[in-house]
Amino acid sequence: MQIPRMSMITLGVANLERATEFYRQVLALAPNTSNPGVTFVELPGVWLGLYPLADLARDIDPARPVLPPAPGSITLAHNTRHRDDVAAVIERARAAGATVLKEAADTFWGGYSGYFADLDGHVWEIAWGPMFDF
């Protein structure tokens with residue numbers, strides 16, 4: 001039996017161009033926009049897809065209403081290699097228009113983390129911990 005692995009995370013977005021520019025600034029990577037109507041960002045081991053929310057809902061079930069994400073119902077995490085990188089990523093996100101939900105701070109589990117919501121309300125945790133080896 002094959003072990004499942006995460007290969008693509010697709011975020012439904014209200015405005016594809018705006019979301020693409022946001023992630024270009026926050027991730028400091030050049031997104032792939034060669035396929036009309038979708039943006040891909042290749043990350044180590046997984047791709048991040050940005051897809052218009054209405055198109056995503058239609059792809060899932062044309063009869064299903066389009067629902068925006070419920071902030072906090074799921075979080076995406078980016079674990080940094082250095083403690084100082086946590087605040088740097090959160091500041092890039094803030095500058096790109098994110099809502100900072102929790103400033104970078106020491107955690108109860110011995111690390112350092114903070115949270116932001118992107119332009120569509122998708123919540124990201126940016127974290128560093130001495131126990132992580134990324």
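**Cavity, pocket and sheet in a predicted model**

Visitor: Which residues line the largest cavity, and which element gives the most to its lining?

Guide: The largest cavity is lined by Tyr-23, Val-26, Leu-27, His-78, Val-89, Phe-116, Trp-124 and Ile-126, a cavity being a set of points on a 1 Å grid over the protein atoms alone where a 1.4 Å probe fits but cannot get out, with lining residues having an atom within 4 Å of a point. This is a predicted model, in which local features need pLDDT of at least 70 and side-chain atom pairs count only at pLDDT 80 or more, while totals for chains, interfaces and linings use all residues. Residues are numbered from 1 along each chain as its sequence is written, and side-chain values use heavy atoms, with hydrogens and water left out. With three residues, the element that gives the most to this lining is helix 1.

Visitor: What is the volume of the largest cavity?

Guide: A search of the whole structure finds one cavity of 30 Å³ or more, and its lining divides into seven nonpolar residues, one polar and no charged. Taken as the space filled by probe spheres set on the points, the volume of the largest cavity is about 30 Å³.

Visitor: Which strand gives the most to the lining of the largest pocket?

Guide: The largest pocket, with a volume of about 640 Å³, is an open set of points with protein on both sides within 12 Å along at least five of seven lines. Of the 20 residues that line this pocket, the closest to its centre are Leu-43, Pro-44, Ala-77, His-78 and Asn-79. Four residues of the lining come from the strand that gives the most, strand 4.

Visitor: In what order do the strands of the four-stranded open sheet lie?

Guide: Strands here are DSSP runs of E with at least two residues, and helices are runs of H or I with at least four, while two strands pair if DSSP finds at least two bridges between them. The edge strands, each pairing on one side only, are strand 4 (75-79) and strand 5 (99-106). Pairing in the sheet is mixed, and the order is 4-7-6-5.

Visitor: Why does Leu-29 count as partly exposed?

Guide: Leu-29 is found in the loop between helix 1 (16-27) and strand 2 (39-43), and beyond four places in sequence it touches Arg-24, Val-41, Glu-42 and Leu-43, contact meaning heavy atoms within 4.5 Å. Partly exposed lies between buried, under 20% relative accessible area, and exposed, over 50%, with a 1.4 Å probe and protein chains only. Leu-29 therefore counts as partly exposed, its relative accessibility being 35%.

Conventions:
Ala, Val, Leu, Ile, Met, Phe, Trp, Tyr, Cys and Pro count as nonpolar, Asp, Glu, Lys and Arg as charged, and the others, Gly among them, as polar.
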